[in-house]
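Thanks for making time this morning. I would like to walk you through side-chain packing in one model, starting with the rings and then turning to the nonpolar cores.

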Amino acid sequence: MRPAAATQARPGAAWAVPGLVFFALFALVPMVGVVYLSLTSWDGLSSPQFTGLNNWSRFLGDGQMWTDTVVTAVLLVGNILVQAPISILLGVWSAGRQRNRAVLSAVFFVPLLFSTAATAVMWRQLLDPNFGIPAKLSGLIGSTDLLGSQSGAVACLVLVTSWQFIPFHTLLYQGAARTVPETLYQAAAIDGAGRVRQFFSITLPQLRNTIVTSTIFMVVGGLTAFDIVLLLTDGGPGTDTSILPFAMYQTAFRTYDYGYASVIASFLLLLATGASFVMVKLSGYDKMTSTLEGM
C-alpha cells in the first residue's frame, strides 16, 4: 500500500498562472522597457531616439560611475557586517521565553514602523554638528561634523540603515529560531554542551537557509535603495557617498537623461541578479535541503 503522502496530487500548472501574470506585468515588462530605453536618448518629453550602445560605452568609460560602484559595495558590505550578527543574536534571543521578552521585542521593532523619510530626517537632526549628539560628545569623538567626511558619512549611513532594518531581519531569525526542535538542545545539554556551544553547533546550522535569505534581502535592498542617501547626505560631501541608485535618480530626475539612467538601472539589475544567483549556488540554498538532521 502506497503512503498517503505519495498519493496526494501535486498542484497543477494553472495555480502558477496568477503569479506568472503578476510577475510578467510588474517585473518582466518594466525590465524590458528599461533595457530598451538604455539604447536610446530620451529627455522624458520628446520621443526616444535610438542610439544603440552609445549610452553603454559612455557608462563603461565614466569614472564617476565606477567610483559610485565602489561606494555602493562598501555600504553594502558594511550593512551586512553590522546587521547580520546583531539580527541573529536579537532574533535568537527574542525567540526564547525570557522575562519581559515580548515588551522588549516590541520596543526593538519600533524602527521598522518608520518610513525611510522620517528616519532620515530624524537622524539628520540627531547628527547635526551644532545641536545634535556629536555636539554633546565632542570631547569623545573630536570632530562634530560626522557627515563632513567620507568615512564619517559612510559610517553614519551604515548606522542609520542598520537601525531601521535590523528589526526586519530580526523577525526572520526569530521565526526561524522558534522552529528549531527543543530536543536538539536537550540532547546537547545531556552531552554537556553549554549555551555558547549550543548556539554555534545547533542554532547557527539550523538558521543556514534563513541567513541566506536575509543576506539576499540585504544585497537586493542595498542595490535598490537611494532615499536614505538622498535625504541624509545628498551624496555628499561632494560625491563621496554617491551610490549607483542615487546616481540613477540624479541622472533621471535632475538632468533628465533617462537613457543613461536606464543604463545604470540595467547595471543594477545585473548586479542584484548575479549576486543573488551566486549566493544561492554557493550556499546550496537552491537544493532546499532540510536543516533538521536526524529528525
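This is a predicted model: local features need pLDDT of at least 70, side-chain atom pairs count only at pLDDT 80 or more; totals for chains, interfaces and linings use all residues.

Trp42 lies in the loop between strand S1 (40-41) and strand S2 (49-50), while Tyr258 belongs to helix H15 (residues 258-283), so the pair ties together parts that are 216 residues apart in sequence. Trp42 counts as partly exposed, because its relative accessibility is 24% and the buried class requires under 20%. Tyr258 also pairs with Phe253, the centres being 6.1 Å apart and the planes at 90°, which means that this pair is edge-to-face.

Elsewhere, the charged end of Arg58 sits over the ring of Tyr260, 3.8 Å from its centre.

Now to the cores. In the largest nonpolar core, which has 18 residues, those touching the most other members are Leu75, Leu157, Ile228, Val229 and Ile243. Helices H4, H6, H9 and H13 each supply at least two residues of this core, and H9 gives the most, with six. If we leave aside residues up to four places away in sequence, Ile228 touches Thr116, Ala120, Leu157, Val160, Thr161 and Thr233. A second core, separate and made of 17 residues, includes Leu76, Val212, Ile264 and Leu268.

Conventions: Residues are numbered from 1 along each chain as its sequence is written. Side-chain values use heavy atoms; hydrogens and water are left out. Helices (H or I, at least four residues) and strands (E, at least two) are DSSP runs, numbered from the N terminus. Buried means under 20% relative accessible area, exposed over 50%, partly exposed in between (1.4 Å probe, protein chains only). Rings of Phe, Tyr and Trp (its six-membered ring) pair if their centres lie within 6.5 Å; planes under 30 degrees apart count as stacked, over 60 as edge-to-face and the rest as tilted. A charge sits over a ring if NZ of Lys or CZ of Arg is within 6 Å of the ring centre and within 35 degrees of the ring normal. A nonpolar core is a set of buried Ala, Val, Leu, Ile, Met, Phe, Trp, Tyr and Cys residues joined through side-chain atoms within 4.5 Å. Contact means heavy atoms within 4.5 Å.
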